[in-house]
Amino acid sequence: MAFSSQRVLQTSSSLDPMSVPEGQSDALVTNITDSGNTYEVFSFVGSQTLTVNAQTTCDVMVVAGGGTGRIVGGGGGGGLRHWTGMVFPPGTYAVVVGGGGSASSVTNGSNSTVTYTGSGSFTTLTASGGGRGPSTAGGISGGSGGGGNCGAITGTASNHVGGTGNSGGDTTDLNSGTKVSPTGNSAYKEGHDGGNGSSADSIAGGGGGSPKAAGGNGDGSHNGGNGGAPYTTSIRTGSTQYFSGGGGGAGNSTEGKGGDNVATDGSAQKGGGTDGNYTASVTASPDNTGGGSGGTGGTSYAANGGSGIVIIRRQS
């Protein structure tokens, strides 16, 4: 179900269990219904502070910025960490939303964090920025790894390997919260590896990884690997949304599809992971999706990865 209302709360008040500063635009406050329950949702689309006036149990999702695709390898989706039933003690929290990787300098995405500045006990929540695509080396490691280069460009087998996704340290239930696995099983990694580029004399980069799946491999027939599928959740709106898709690898025959587009219409509207393109500029990943951008035939074709988002909701 879609948003039922949207508002920005006033300055902190004992009447509000949770609040954000008045007159800002980096934290959107909405009321939704999800699976029959009503929630007040705080969507941080930029860095801001959150004040908790009374101990509150929340669902939380922290998404980092996605990496930039580079020489044929797709950018990795931003690391993603999701908990239910997390206890927030009273106090102030600094929320930092990581930016997407830069097209001009071709970088990893930046981390997103939630840090408690009060006197109680609360472990900082961190999601790691997605890895960028390769230069002459392999894909770069990150929240999810960037896709690898290819044999026709590097001539060195070790440079074809995709970057490694980060485990994110999700081995315990932090702050009394219960972790949610992006893959739907017991694997709690915040991201997966980027795909390998072709080791043959073929122009085909690996797709960027995502929290849900590894990026696809480029092959010996110039076909770029697909980006890892995005994470799907209704935490923000009550309807399914898509986050942290991996960027597709570029290929001289077939371009790798980005994230969710592997199984849909190629419109790059879901999950942020955009398609690779060997001969022209790729599409930037949308803001606040954490998607990785597609691999390219040259640095001048690169596009930004998607910025991250932090979502905190309480049942109302």
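Residues are numbered from 1 along each chain as its sequence is written, and side-chain values use heavy atoms, with hydrogens and water left out. Because the model is predicted, local features need pLDDT of at least 70 and side-chain atom pairs count only at pLDDT 80 or more, while totals for chains, interfaces and linings use all residues.

Side chains of opposite charge can pair when their charged atoms come close. A salt bridge was taken as a side-chain nitrogen of Lys or Arg within 4 Å of a carboxyl oxygen of Asp or Glu. Under this rule, three salt bridges were counted.

Asp34 and Arg313 form a salt bridge with an N to O distance of 2.9 Å. Asp34 belongs to strand 3 (residues 27-34) and Arg313 to strand 14 (residues 309-315), and the two are 279 residues apart. Strands are DSSP runs of E with at least two residues, numbered from the N terminus. Asp34 and Arg313 are buried, that is, under 20% relative accessible area with a 1.4 Å probe and protein chains only.

Arg313 also pairs with Asp59, at 3.0 Å from N to O. Here the partners are 254 residues apart, Asp59 being in strand 6 (residues 56-63) and Arg313 in strand 14. Asp59 is buried, as is Arg313.

Glu40 and Arg314 are both buried.

Terms used. Helices (H or I, at least four residues) and strands (E, at least two) are DSSP runs, numbered from the N terminus. Buried means under 20% relative accessible area, exposed over 50%, partly exposed in between (1.4 Å probe, protein chains only).
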